[in-house]
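Q: Could you walk me through this model, starting with how the annotated positions should be read?

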Amino acid sequence: MEVAATKGQIIKGKPVADQISENLIKEVNELVKEGINPKLTIVRVGARGDDLAYERGALKRCQSVGITTEVLELPEDITQEQYVKALEKANEDKNVHGILCFRPLPKQLDEEAAKYVIAPEKDVDCFSPVNAAKVMEGDKSGFPPCTPTAVVEILKHYNVDLKGAKVTVLGRSMVVGKPAAMLLLSENATVTICHSRTKNLSEVTSEADVLVAAVGRAKMVKENFVKEGAVVIDVGINVDENGKLCGDVDTDAVLEKVSMITPVPAGVGSVTTSILAKHVVKACKLQNNK
Ligand SMILES: NC(=O)C1=CN([C@@H]2O[C@H](COP(=O)(O)OP(=O)(O)OC[C@H]3O[C@@H](n4cnc5c(N)ncnc54)[C@H](OP(=O)(O)O)[C@@H]3O)[C@@H](O)[C@H]2O)C=CC1
Ligand SMILES: Nc1nc(=O)c2c([nH]1)NC[C@@H]1CN(c3ccc(C(=O)N[C@@H](CCC(=O)O)C(=O)O)cc3)C=[N+]21
């Protein structure tokens, strides 16, 4: 008798994001009553597709919970000196509580130098080495990056047991891959990190109980990259040939093999923006001794 193929469950970000937003609305209301208006400044250089997607999502989310926003749109060919000046101005502005710098930066800018400029107490997405060090140390007092935090929140929300699980992170950037591995390690997962030099990539990833894909290559993760029954978190935000958003995972190709998978859009991205809003409120409270 032929057994009908069961499809994996598409696990959306919305229920996770909604829960976070619900609490934030109350917290923001309390602050506004006291005359404090939490504010986020976004620093964008040029107009990358994934940055614009984040910006749209972040502005919508902040608006929905009552956080004020401002976008500094800087030209693609901006100099290091001008970029640093823009950051310093946001650092000094008492009305700004959180600063988000989109990354990666264009080539002429020195990210390694710029990361020392952002004020750690306003650094809501872990650009500053001060916050990055706290992630390494498992110190919860700083601001871990929003997307890796979102990945862990989604896994917890859908009751994925991370303790001792084989978790593989595909990608090692400081925005997603490396800190995601650290946060997952804090959850007692057994973590493997893959990158562009990993040998026999699909063999390594197909051993994972949980696969987190953050490579920035549209639909790169195919059926042979995943283990039967694996949980897949698709972090990628890519713009395909038709101008539509798509992830790093070829969802149609893996759906019958996996147990759960996040969609793109409406997956990790929507939770990322709610963590960002949470961090802005946390920064605002700390700066007002609340
Ligand atoms: N949903 C969300 O909330 C967010 C989504 N994103 C998206 O996630 C994706 C990744 O972002 P980000 O980490 O900033 O990207 P980066 O380009 O900074 O890093 C990509 C990583 O993937 C690795 N990689 C690239 N190509 C391959 C390959 N063919 N095989 C194996 N590894 C490879 C790179 O390896 P190496 O280090 O060796 O070069 C690198 O570590 C993007 O699509 C981005 O838009 C990012 C942030 C938030
Ligand atoms: N320092 C830094 N940190 C980042 O986390 C970072 C970055 N730079 N640069 C760009 C990428 C991309 N990224 C997205 C986050 C949320 C959505 C998001 O909210 N997406 C909605 C759709 C939004 C829309 O299209 O309107 C969704 O997936 O449902 C998208 C993209 C974060 N990134």
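A: UniProt positions are given in the numbering used here, with feature names shortened, and the annotations may be inferred rather than shown by experiment. On that basis, the unreviewed UniProt entry lists "domain: Tetrahydrofolate dehydrogenase/cyclohydrolase NAD(P)-binding" for residues 145–287. The model is a predicted one, where local features need pLDDT of at least 70 and side-chain atom pairs count only at pLDDT 80 or more, while totals for chains, interfaces and linings use all residues. Residues are numbered from 1 along each chain as its sequence is written, and chains are lettered from A and ligands numbered from 1 in the order in which they are written.

Q: And what does that span look like, in helix and strand terms?

A: Residues 145–287 are 36% helix and 17% strand, with their end C-alpha atoms 19 Å apart; helices (H or I, at least four residues) and strands (E, at least two) are DSSP runs, numbered from the N terminus.

Q: Which residues does the "catalytic" annotation cover?

A: The unreviewed entry's annotation "domain: Tetrahydrofolate dehydrogenase/cyclohydrolase catalytic" covers residues 11–125. That span is 47% helix and 16% strand, and its end C-alpha atoms lie 24 Å apart.

Q: OK, sheets. What is the order of the three-stranded one?

A: The three strands make an open sheet in the order S3-S2-S4, paired in parallel, where two strands pair if DSSP finds at least two bridges between them. Strand S3 (68–74) and strand S4 (98–101) are at the edges with a single partner strand each, so one side of each has no neighbour in the sheet. From one strand to the next the twist averages 20°, with axes being lines fitted to C-alpha atoms, for helices over the stretch in contact, and angles running from 0 to 180 degrees between N-to-C directions.

Q: Which helix packs on it?

A: Helix H3 (residues 80–92) does, touching S2, S3 and S4, and its direction makes about 175° with that of S2; residues are in contact if their C-beta atoms, placed from the backbone, lie within 7 Å. Within the sheet, strand S2 (residues 39–45) is joined to S4 by four bridges, and Thr41 stands opposite Ile99 in S4.

Q: What about the six-stranded sheet?

A: That sheet is open too, with parallel pairing and the order S1-S11-S8-S7-S5-S6. Its edges are strand S1 (9–10) and strand S6 (190–194), each with a single partner strand, so one side of each is left without a neighbour in the sheet. Strand S5 (residues 166–170) pairs with S6 in the parallel sense over five bridges, Val169 being opposite Ile193 in S6. Helix H7 (residues 177–186) lies across S5, S6 and strand S7 (210–213), and runs at about 170° to S6.

Q: Switching to ligands, which residues come nearest to ligand 1?

A: Of the 26 residues around ligand 1, the nearest are Asp50, Ser173, Ser196, Gly216 and Thr272, where a residue counts as near if its C-beta atom, placed from the backbone, lies within 6 Å of the molecule. The shell divides into ten nonpolar, twelve polar and four charged residues, with Ala, Val, Leu, Ile, Met, Phe, Trp, Tyr, Cys and Pro counted as nonpolar, Asp, Glu, Lys and Arg as charged, and the others, Gly among them, as polar. Helix H10 (residues 268–287) gives the most to this shell, with three residues.

Q: And ligand 2, why does it lie between the two domains?

A: Domain 1 (35–122) and domain 2 (146–269) both give residues to the shell around ligand 2, so the ligand lies between them; the domain bounds come from an automatic or database domain assignment. The shell has 23 residues, and Ala53, Tyr54, Gly57, Pro265 and Gly269 are the closest. Helix H2 gives the most, with six residues.

Q: How far apart are the domain centres?

A: The C-alpha centres of domain 1 and domain 2 lie 27 Å apart, and the contact takes five residues from each, that is, five residues from domain 1 and five residues from domain 2.

Definitions and conventions:
Contact = placed C-beta atoms within 7 Å.
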